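Look over the fold below and follow it from one residue to the next.

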Amino acid sequence: MTVGMKEFLVPFIAAGFLCAAAVQAAIPEPPEKVIEVTVSEHETLWDIAATHTDNETDVRKTIYTIREINHISDPASIQPGQVLKVPG
């Protein structure tokens, strides 16, 4: 590898490490305490999140957390009888 190529590659490699660190820092921590909730007939993820969200927290943040800890890609895919982990 030539000196010119090393000078060219080093900034790109450094940028890659910085991007990886930024992505890792952006991943939210899972909640310390979770409870299990069984989905009822006609219940939506919003309904569940609203029931388990305090007044200082945005319901959308709770929905995001529920989706992340339960690996839900499509919120409309939850089914009655399904057990979800919810921040408690």
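Asn70 lies in helix α3, which covers residues 59-70; helices (H or I, at least four residues) and strands (E, at least two) are DSSP runs, numbered from the N terminus. This is a predicted model, in which local features need pLDDT of at least 70 and side-chain atom pairs count only at pLDDT 80 or more, while totals for chains, interfaces and linings use all residues. Residues are numbered from 1 along each chain as its sequence is written, and side-chain values use heavy atoms, with hydrogens and water left out.

Asn70 counts as buried because its relative accessibility is 17%; buried means under 20% relative accessible area, exposed over 50%, and partly exposed in between (1.4 Å probe, protein chains only). Leaving aside neighbours within four places in sequence, Asn70 is in contact (heavy atoms within 4.5 Å) with Val83, Leu84 and Lys85. A polar atom of the Asn70 side chain lies 2.7 Å from the backbone oxygen of Lys85.

Leu84 belongs to strand β2, residues 83-87. The C-alpha atoms of Leu84 and Asn70 are 6.5 Å apart, although 14 residues separate the two along the chain. With a relative accessible area of 1%, Leu84 is buried. Among the residues that Leu84 touches, not counting those up to four places away in sequence, are Ile35, Val37, Leu45, Ile66 and Ile72.

Leu84 is also part of the largest nonpolar core, which has 12 residues, including Val39, Ile48, Val59, Ile63, Ile78 and Val86. Helix α2 (45-51), helix α3 and strand β2 each supply at least two residues of this core. A nonpolar core is a set of buried Ala, Val, Leu, Ile, Met, Phe, Trp, Tyr and Cys residues joined through side-chain atoms within 4.5 Å. In soluble globular proteins, nonpolar side chains tend to be buried together.

Where is Thr53 found? Thr53 sits in the loop between α2 and α3, and is buried at 16% relative accessible area. The Thr53 side chain makes a polar contact with the side chain of Thr62 at 2.8 Å; a polar contact is a pair of N or O atoms within 3.5 Å, and within protein one must be able to donate a hydrogen and the other to accept it, with residues adjacent in sequence counting only if both atoms are side-chain atoms.

The whole structure has 1 salt bridge, meaning a side-chain nitrogen of Lys or Arg within 4 Å of a carboxyl oxygen of Asp or Glu. Asp58 forms a salt bridge with Arg60, with the closest N and O atoms 2.6 Å apart. Asp58 is partly exposed at 35% relative accessibility, whereas Arg60 is exposed at 57%.
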